[in-house]
Amino acid sequence: MSKKGGGKKDFFSPKAIANRWKAKGLQKLRWYCQMCQKQCRDENGFKCHTMSESHMRQMAVFAESPDAVMDEFSAEFEKSFMTLLSRRYHVRRVHANIVYNEFIQDKEHVHMNSTMWSSLTDFVKYLGKTGKCAIDETEKGWYIQWIDRDPRTLARQQAAAKKKKAELDDEERAAHEKAVADKAKHDALQKKALTKGLAGYGPSGGKAAFAKSKGKKGKGRPPARAKPPPAK
Ligand SMILES: [Zn+2]
């Protein structure tokens with residue numbers, strides 16, 4: 001927190017706010033009280049506001065728990081920014097500055113100088129580190145891309161993945177069944193060839209054996225067994 005300069009109590013003092021504006025060149029945001037979310041017309045109006053009862057009350061709340069208030073601003077900033085990014089650009093990659101420029105057009109937007117981030121780059125890096133956006137730096141600056149973590153989207157993606165797996169399983173099963181069928185066909189052909197061999201048409205020649213045995217023994221009986229056809 002030392003980067004903010006001074007104690008937390010002084011964070012919303014007019015001088016501290018003016019210094020931050022100056023440092024960031026945010027002249028347009030002058031005379032806006034972040035804590036009360038009140039825009040004042042000029043320096044005098046702002047001074048009057050800081051002395052008002054409502055502002056004092058807010059200051060007291062802030063003094064009680066500065067971290068809680070700071071975090072609230074940061075959380076609100078992040079929430080609004082992400083809402084804009086997701087609604088307007090969805091998962092499209094976009095220059096962070098473009099989103100930011102649209103973001104600050106909302107008069108009620110939480111000003112960055114009241115958040116835990118000291119610059120847009122800081123915030124972009126935070127989005128990347130926390131996995132809320134895909135980020136990448138180019139010569140033109142930082143680009144961001146919203147990551148859709150909506151449970152409905154996740155459910156849709158899971159269903160699609162499941163369907164794809166089922167299709168793959170079907171393909172696998174079909175391939176397996178085809179292999180089994182091919183094997184059966186092959187076995188049947190082999191069996192057929194063997195049977196033919198026994199009947200005397202096989203390449204290893206039941207006929208020759210038959211003739212041989214006929215010549216030798218003269219009993220005219222084919223051999224009981226024939227050699228299977230030679231493996232090709
Ligand atoms: Zn105020």
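Reader: Why is C36 called partly exposed?

Author: This is a predicted model. In it, C36 has a relative accessible area of 24%. Buried means under 20%, and exposed means over 50%. The value for C36 lies in between, so C36 is partly exposed.

Reader: What makes H49 buried?

Author: Its relative accessible area is 6%. The cut-off for buried is under 20%. So H49 counts as buried.

Reader: How do you know which residues are donors of the zinc ion?

Author: By distance. Donors are N, O and S atoms within 2.8 Å of the metal. C33 (SG), C36 (SG), H49 (NE2) and H55 (ND1) lie 1.9 to 2.3 Å from the zinc ion. In sequence, the spacing of these donor residues is C-x2-C-x12-H-x5-H.

Reader: Which parts does the pair C36 and H49 tie together?

Author: C36 lies in the loop between β1 (32-33) and β2 (38-39). H49 lies in helix α2 (residues 43-50). These parts are 13 residues apart in sequence, so the pair ties them together.

Reader: Why is the arrangement around the zinc ion called tetrahedral?

Author: The four donor atoms subtend angles of 105 to 113 degrees. Four donors count as tetrahedral if all angles lie between 85 and 135 degrees.

Reader: What makes up the largest nonpolar core?

Author: It has 31 residues. Those with the most contacts inside it are F77, F81, L85, L120, F123 and I144. The largest share, seven residues, comes from α4. At least three residues come from each of domain 1 (1-64) and domain 2 (66-149).

Reader: What does F123 touch?

Author: Leaving out residues up to four places away in sequence, F123 touches F77, E78, F81, M112 and W117.

Notes: Residues numbered from 1 in each chain as written. Predicted model: local features only at pLDDT ≥ 70, side-chain atom pairs only at ≥ 80, totals over all residues. Heavy atoms only, no water. Core = buried A, V, L, I, M, F, W, Y, C linked by side-chain atoms within 4.5 Å. Buried < 20%, exposed > 50% of the residue type's maximum accessible area, 1.4 Å probe, protein only. Helix = DSSP H or I, 4+ residues; strand = E, 2+ residues; numbered from the N terminus. Domains from an automatic or database assignment. Contact = heavy atoms within 4.5 Å. Donors = N, O, S within 2.8 Å, 3.2 Å for Na, K, Ca; no water. Tetrahedral: all angles 85-135°; square planar, octahedral: opposite > 155°, others 65-115°.
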